[in-house]
Structure formats: C-alpha cells, structure tokens
Amino acid sequence: MTRLLLFTGKGGVGKTTLAAATAAGLAARGHKTLVVSTDPAHSLGDAFARRLTPEPAEVDHALYGAQVDPRGLVDGVWQDLRGKLRSWIAGAGLDALEAEELTVLPGVDELLALTEVQRLAETGRWHTVVVDCGPTAETLRLLALPEAVSGYLDRMFGLQSVFAGRGTAQAVRRLAAHLESLKSLLADPGTTGVRLVLTPERVVVAEARRTLSALALRGIRVDGLVVNRLMPAARGWRGAGASWIRARRRQQDEVLAELAASGLAGFARVEHRAVEPVGLPALLEIAQELYGDGDPLLGVGSDPAPPLLEVSEVDGGYRLRVSVPLGRDAAVELARVDDDLSITVDGFRRLVALPERLRSCRITGAESSPHGLVVSFTGEGQR
C-alpha cells in the first residue's frame, strides 16, 4: 500500500527543502519514492537543481519528481463536467448567466491538485508519495475541500432527487463518490501522515498551533513536527558574528522551551546552513540530520495521535474527549446542532457527528485538558 506524506507550514519555513530531503532519504533506503509539489510557487525543481513537469520523471535511482499543474487539470477535467451541468441547468429554465454562476465550484484548482496526488498514489508505482503542499492557509483549505465540495454538490444539485435517471447525475455522483474516497484517504492514519514544518519564531509557532488544531478537527493526523533553520550553538566561536549567532540561538531556545512547556515537546530539529541546500548531496545530508538511521516513514518526534473523539462513562453521564491541541489563548466555541457537535477553534469550524449513545444527552459543561477538550453530558433521555 502506498504511503502518503504531506509537508506543510507557513510560507518561507523551508517545507519544500524538507519534503525533497525526505524523499531523497527514502529513495536512498530503497523505497521507490515520488515527490510532488502542489504549491503554486513551484520551487521543488529548484531544490533538485533540475526542471520538473506534471509528468513524473526520474531524478535519481528510485527517486521521481513532479509538479502538479492545477490550471491544466481544470482545463482538461472539470470543464467537461461543468459544461454538462451548465447545459442541464439552462435546460431547466434558468438563463445562461445563472447557469454559469451555479457551476462555479469553489476551490476547484486546489481540489484537482489533490485528486491528481491521489491518482498518482493509486497507480501503485511508488512505495511512498511525498507531497510539498502550499503554505499553511492554502493547505488547510485544500484538505477541507473534499468534505466542503461534497456538501456543495448535495445542496446545489440534489443528487438523489433532481438528477434521478439523468446522465449528468451519474457524472456528479461519480465526482461526489471520488471526493468521499479522497476524504477517507486523507483521514486514514495508516496511509497518510502530515509533517508540519516551522521555524523557532513566536509568530510561526502560534500559526503552527492553530494548524494542529485545524488538522485535528479534520481528523488528519500530524505525525511529525520539524523545527527548521535552528542557529548553530556557536560554542567556542569568537567575533561579532559569533555573538550575534549566540544571541539568536538563545532567543530560539526560549521559543522551543515555550513550545515544549505547552505540551508539544516531541519535535525534530534541523540546523540552519550557511549555503543553500540544493542538489541531492545536500538534501541527503539534511535527511541524515533529520532521521538519522531511523525510518522516515515512522514520523519524527511525535507520538501517534489519539482518535478525534473518545467517550467514557462517569457518574450520571458521559465525558467526550475531543483531541484538539489548544494554545493558552485559543478561542473555542461549542454548540449542539441536532445530532452534531459544532466545534470552532481559532476560527476553524467542524461539525462532528456525536457517537450514538450521546445523541439523547444534553451538554452540561466543557473544559480544556492537556489532551484537548473534555465535554460533559447528562445521562440518556435528558437532552
């Protein structure tokens, strides 16, 4: 079964270099590996010092690279289905402008980039597919799209009734089924892992914490935190430059201590280099620093993530633990929506289906814990 590793982080933290280094390290260990970029900036080829195209090409023994072209996918894949939908809607009595507006699918570029990654993984040609994702905000939107677009199709096109017996219905149903399989792939911890890259700066760490919460709400497992561009310790060095480096490193160590104290102690470290790491030898050097003699597939520095939801019985009711990492100043909102629990953390919202035994219960309180949120419920029949 092909493994999928997604690298993301705030723009400029070095995620492309670490994705390329991980792929190079896997290939050096004998794993046939594809590294592919969905980042519109397309700097993956620069890391290998060679041009990459949408078609996977051999970079070195057992190592292949590609850069997804979302615009080309839109032109080649989505336009056909969109044309069918537009024709059907116009035939149902709406004018051409309304039909055009109703068939604009939000985020289709990013969605097709992700479906192309899935297609490449499912060919079975590679043991591992390493993905250099876009910056964090784009990645979060990308990973939320399968669920969001499936809901969009249901609401806008009424799959079960409006399209019954129509040819267009089959095409839309196929798309919806594909999106559901994509969502399942991303949330499968046995197949997909996310490596979150950050630099030791407070602004970057704050965004990383929000990203962890948002990914947890999506049921997507982060199996590694990597602190990149850590200044050398500079022990025994002299001169003004050495003093600057030591001062910068002290500041970075303070940030890492705060990160560890907040419960995120498991992270790997990669030191800053004087020369930009370009080409296979430099990337393999980073892979060695990052993973040593270990297996890059096992994650770096973090324990396996617990399930998103865990229920336990207590006197008079139940407790529901929601495994969402929370910062000290995290803004959290909870609400009951029929049989769902609406959870919003720092602006990221997710409707989570409550376990069946809690659906007839009423929320009586909530508190934060080192492992996330703990929501208390009354016994059955007291909703």
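Select Arg202 and Glu258 to begin: in this predicted model, their side chains meet in a salt bridge, 2.8 Å from N to O. Arg202 sits in helix H8 and Glu258 in helix H9 (residues 240-261), so you're looking at a link between distant parts of the chain, 56 residues apart. Both are partly exposed: Arg202 has a relative accessible area of 42%, and Glu258 has 38%.

Now color all of H8, residues 202-217. From first C-alpha to last, this helix reaches 23 Å, close to the 22 Å expected. Is H8 mostly covered or mostly open? Mostly covered: 12 of its 16 residues are buried, among them Val204, Glu207 and Leu217. Just past the end of the helix, click Gly219, which takes a positive phi of about 75°.

Lys10 lies in the loop between strand S1 (3-9) and H1, so the pair ties together parts that are 197 residues apart in sequence. Glu207 is buried at 18%, while Lys10, at 30%, counts as partly exposed.

Next, head for the largest nonpolar core, which has 69 residues. Which residues touch the most other members? Pick Phe48, Leu63 and Val129. Helix H1 (residues 15-28) gives the most to this core, with eight residues. Zoom in on Phe48 and you'll find contacts including Ala20, Val35 and Leu283.

Conventions: Residues are numbered from 1 along each chain as its sequence is written. This is a predicted model: local features need pLDDT of at least 70, side-chain atom pairs count only at pLDDT 80 or more; totals for chains, interfaces and linings use all residues. Side-chain values use heavy atoms; hydrogens and water are left out. Helices (H or I, at least four residues) and strands (E, at least two) are DSSP runs, numbered from the N terminus. The expected span of a helix is 1.5 Å times one less than its number of residues. Buried means under 20% relative accessible area, exposed over 50%, partly exposed in between (1.4 Å probe, protein chains only). A nonpolar core is a set of buried Ala, Val, Leu, Ile, Met, Phe, Trp, Tyr and Cys residues joined through side-chain atoms within 4.5 Å. Contact means heavy atoms within 4.5 Å. A salt bridge is a side-chain nitrogen of Lys or Arg within 4 Å of a carboxyl oxygen of Asp or Glu. Lists of a residue's contacts leave out its neighbours within four places in sequence.
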